[in-house]
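Here are some notes to read alongside the sequence and the 3D structure. Please keep both open and find each residue as it comes up.

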Amino acid sequence: MNCKKCFFNILLTAQLGFFLVLFFACTQKPAVEKDRPNILFIMSDDHAYQAISAYSDHLIKTPSIDRLAQEGMIFTNACVTNSICAPSRAVILTGKHSHINGKIDNHFPFDTTNITFPQILHKNGYQTAMFGKLHFGNNPKGFDQFKILPGQGKYYNPDFITKNEGNIQVEGYTTDIITDMTLDWLENERESDKPFLLMYLHKAPHREWLPAERHFKEYLSKTFPEPETLFDDYAGRGTAAKTAEMNLLTHMNWAGDSKIYPEVMDELGIPETSNWDKAALHGELGRKTPEQRAAWDAAYGPMNEEFKKNYPNMSKEDLMRWRYQRYMQDYLGSIASVDEGVGKILDYLDQNGLADNTIVVYTSDQGFYLGEHGWYDKRFIYDESFKTPLLVRWPGMINPGSVNTQMVQNLDFAQTFLEAAGITPPNDMQGESLIPLLQGKNEDFREAVYYHYYEYPSVHMVKRHYGIVTEDYKLAHFYYDVDEWELYDRKNDIHELKNQYHNPDYADVVKELKIKLAGLREKYGDSDALNQHFIDLYREAGRIQ
Ligand code: CA
């Protein structure tokens, strides 16, 4: 290379560099910067809509979460595409169904070659941060800052994987720590010249439901109304409901879930429900400081003593009722701290002039059974786990006190947030922007949603199934080791107790829904061949023979 050419190359490189600097300066600070909304995405884990007072106040009052309904919009038919923790997060971040983004269950790690909406927002000048539970088996991409719990995380003195400080352990109660980290970022790391995406993601109220010390006394002394279907015998339903292992009486851990001390179980001759029953309690209590453990024993010791006294005279029905109350005390006690945390964050937005230009979303990664059908946990296409809470506040865009009944899905968040930021979403995202709905325009939204659950055989033994849900009906196909269809009439059987698939009166409905279901499977790129592919993956991983 001669010197002249060399000089031109240097000049060209310098010019290119100058234009690159100019280009990035432009993309990072567009003229409309001030108008682009901040996004605060709040998600808890396993938070049933039945346990938010904006939906129903029969179990708990959640005044801070309710603020979002009063000042924004509550969605009464929001649902998920696959009712389980990590897959729901993958759907939210990618805007694609599980069979496309590949995160079908909690076991296989998330494929980080997927493009997520935070990466796109980040590339377009948003400052991005994530605090709390991700549960992907790897770190999030596209974040300026993150502090995430490893796996499921713990309720006390949790470990965190952080972007800048390596792995750390923080003393205290996890829900409060995640709130404090979020507030600290808003106060000390937020760059006021950029819009932000802030993901504030609680572990609570995920199993094993350990409340904060300040809530022990109140919740341990409460009694809650029982659901109508607490003693469901599953007679009107298929094999999947009958064989699922999520019954409060027979499948819940005595130590891990109901917080009976292992020595009390031994004394009463109660065997472990699962091989991790006692270990689950130890895994949480073993992390506590002596002071935290003393506070726990002061509250849960008397409960154990009372149970020891009563157990010999309790019938199966008494035990079912007792386990329901015990479950609700800890589950709802865990939510009390979530609501307080949400209140603190909303107050911060108010006090710092951020409320007006911030979209605030509150949701859960799916719904949850609170004793309905005798169950805890999730996974099924049935309403309590299929539906999820969704409340959105966006001043100037949403009329305060709005109620929306459309069938929106967690699949829709990615496109909604990108459009809110003025970005055209990638063509391969599969949701619908919720912005017209937020503006009160309800016409032409989808009439049916698609659902597909995969994690079987696995904990809780809920069989693989896919299905279609409309406002009036729900049709599901359970497969792999069964071949059963179920149809529920959502308007006339709100608890979904009677499978109408074989009822001749519904033959036309079944026929029509099967055509629509096939249409949805084609639209979203799902197929029997993919079903087999994901079964093969289980076989290759040694999870089935
Ligand atoms: Ca969950």
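1. Start with K511, which sits in helix α16, residues 507-524. The model is a predicted one, and every value in these notes is computed from it. K511 counts as exposed because its relative accessibility is 60%, and the cut-off for exposed is over 50%.

2. Q119 belongs to helix α5, which covers residues 117-123. Is Q119 buried or exposed? Its relative accessible area is 19%, so Q119 is buried, given that buried means under 20%. Leaving aside residues up to four places away in sequence, Q119 touches N114, K141 and G142. T94 is 25 residues from Q119 along the chain, and their C-alpha atoms are separated by 9.9 Å.

3. Now the chain as a whole. It has 17 helices and 14 strands. For 545 residues, a compact globule would have a radius of gyration near 24 Å; the chain has 25 Å, which agrees. The C-alpha trace spans about 95 × 65 × 50 Å along its principal axes.

4. Of the 545 residues, 59% are buried. The accessible surface comes to about 22,000 Å², and carbon and sulfur atoms account for 53% of that. Taking contacts between residues at least 6 apart in sequence, 69% join residues at least 24 apart.

5. Helix α2 runs over residues 63-71, and its buried residues are S64, I65, D66, R67, L68 and A69. What do these buried residues pack against? Their partners are the strands β2 (73-75), β8 (358-364), β9 (390-393) and β10 (402-404), together with helix α12 (316-351).

6. Which residues coordinate the calcium ion? The donors come from D45 (OD), D46 (OD), C85 (SG), D365 (OD), D365 (OD) and Q366 (OE1), at 2.2 to 2.7 Å. In sequence the donor residues follow the spacing D-D-x38-C-x279-D-Q.

7. The geometry of the calcium site is irregular, with angles of 52 to 161 degrees among its 6 donor atoms. As a reference, ideal angles for six octahedral donors are 90 or 180 degrees.

8. The salt bridges come to 42. One of them joins the side chains of K378 and D46, at 3.1 Å from N to O. K378 is in the loop between β8 and α13 and D46 in the loop between β1 and α2, 332 residues apart, and the pair links these distant parts of the chain. K378 is buried because its relative accessible area is 3%, and D46 is buried because its relative accessibility is 1%. D46 is also a donor residue of the calcium ion.

9. A second salt bridge is formed by the side chains of K222 and E218, at 3.0 Å from N to O. Are these residues buried or partly exposed? K222 has a relative accessible area of 29%, so K222 is partly exposed. E218, at 39%, counts as partly exposed as well.

10. R446 forms a salt bridge with D412, and the closest N and O atoms are 2.6 Å apart. R446 lies in the loop between α15 (435-438) and β11 (448-453), and D412 in the loop between β10 and α14 (413-420), so the bridge ties together parts that are 34 residues apart in sequence. With a relative accessible area of 12%, R446 is buried. D412 is buried too, at 0%. Elsewhere, salt bridges that share partners join D46, D377, K378, R379 and E455 into one network.

Note on methods. Residues are numbered from 1 along each chain as its sequence is written. This is a predicted model: local features need pLDDT of at least 70, side-chain atom pairs count only at pLDDT 80 or more; totals for chains, interfaces and linings use all residues. Side-chain values use heavy atoms; hydrogens and water are left out. Buried means under 20% relative accessible area, exposed over 50%, partly exposed in between (1.4 Å probe, protein chains only). Helices (H or I, at least four residues) and strands (E, at least two) are DSSP runs, numbered from the N terminus. Contact means heavy atoms within 4.5 Å. Donors are N, O and S atoms within 2.8 Å of the metal (3.2 Å for Na, K and Ca); water is not among the atoms, so sites may look incomplete. Four donors count as tetrahedral if all angles lie between 85 and 135 degrees; four count as square planar and six as octahedral if opposite donors are over 155 degrees apart and all others between 65 and 115; anything else is irregular. The radius of gyration is taken over C-alpha atoms; the globule rule is 2.2 Å times the number of residues to the power 0.38. Accessible areas come from the Shrake-Rupley method with a 1.4 Å probe; for residues, only the protein chains shown count as cover. A salt bridge is a side-chain nitrogen of Lys or Arg within 4 Å of a carboxyl oxygen of Asp or Glu.
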